[in-house]
Amino acid sequence: MNRGSFLVLTAAMTVTAACAASLGTVAAARPSAVPAASCSVAADRERPNSVVVSGEGFKGTSVTLTAAGGDGSWPGIPAPGGSFTRASLPDHVYTAASAQDPAVGCARAAAPQSPPPSPQTSPPPANEQYRTGYQQGLKDTLATCQKNPPKNLAPDPNWQSGYDKGAETALGSKRCTGS
């Protein structure tokens, strides 16, 4: 191989390496629009006043569950194949995250269909208002990584408290902080 061929080959390899590196940087910097992982909360049929939290689609081998309001954290839950189930947990609003996945809110499973409420029915309990507000705050804020005013124009004080905490949790998540 003569010197001219060597220089052309070296230049071509340098350009190829630079292009590959820049494509990798662009791909790594572009966050996915929708998290692949999901999580849900359902009543624990074995224990009253407890819930079962399940998740799937996680890339990590273990998951950390965090209850809203600093009411507990359960790190290192095994997630073989990206799925996990944890029973007998206190009834709270939860988020789940792994080292490779951003925090995702754990949605409530739909309750069994019940008859429409009568006019004498009292408003939802405070913890349900908080839970609903938390989920909405988490969802709204994870969508833009900016705290937005709630779309609910006259929120219940418990709902507003939950919304604010959900937004705070989202802003501190890996997805919004980039770390």
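**Ground rules.** I am working from a predicted model, where local features need pLDDT of at least 70, side-chain atom pairs count only at pLDDT 80 or more, and totals for chains, interfaces and linings use all residues. I number residues from 1 along each chain as its sequence is written, and my side-chain values use heavy atoms, with hydrogens and water left out.

**Entry: disulfides.** I took a disulfide to be a pair of cysteine sulfur atoms within 2.5 Å. By that rule I found 2 disulfides. Counting bonded cysteines along the chain, I get the pattern 1-2, 3-4.

**Entry: Cys39 and Cys106.** I looked up this pair and found the sulfurs 2.0 Å apart. The S-S torsion is about 80 degrees, so I noted this disulfide as right-handed. Cys39 sits in strand β1 (residues 38-43) and Cys106 in the loop between β7 (101-105) and β8 (107-108), so the bond ties together parts that are 67 residues apart in sequence. My scale for that is relative accessible area: buried under 20%, exposed over 50%, partly exposed in between, with a 1.4 Å probe and protein chains only.

**Entry: Cys145 and Cys176.** Here the sulfur atoms are 2.2 Å apart. The torsion about the S-S bond is -80 degrees, and I wrote this link down as left-handed. Cys145 is in the loop between α2 (126-144) and α3 (157-171), and Cys176 is in helix α4 (residues 174-177), so the pair connects parts that are 31 residues apart in sequence. I have Cys145 as partly exposed, at 27% relative accessibility.

**Entry: aromatic pairs.** I paired rings of Phe, Tyr and Trp (its six-membered ring) with centres within 6.5 Å; planes under 30 degrees apart are stacked, over 60 edge-to-face, and the rest tilted. The whole structure gave me 4 aromatic pairs. One of them is Tyr130 with Tyr134: centres 6.4 Å apart and planes at 20 degrees, so it is stacked. These two tyrosines are 4 residues apart in helix α2, about one helical turn. Tyr130 is partly exposed at 22%, whereas Tyr134 is buried at 1%.

I also looked up Trp159 and Tyr163, whose centres are 5.2 Å apart with planes at 20 degrees, so this pair is stacked. Both lie in helix α3, 4 residues or about one turn apart. Trp159 is buried at 7% relative accessibility, and Tyr163 is buried at 0%.
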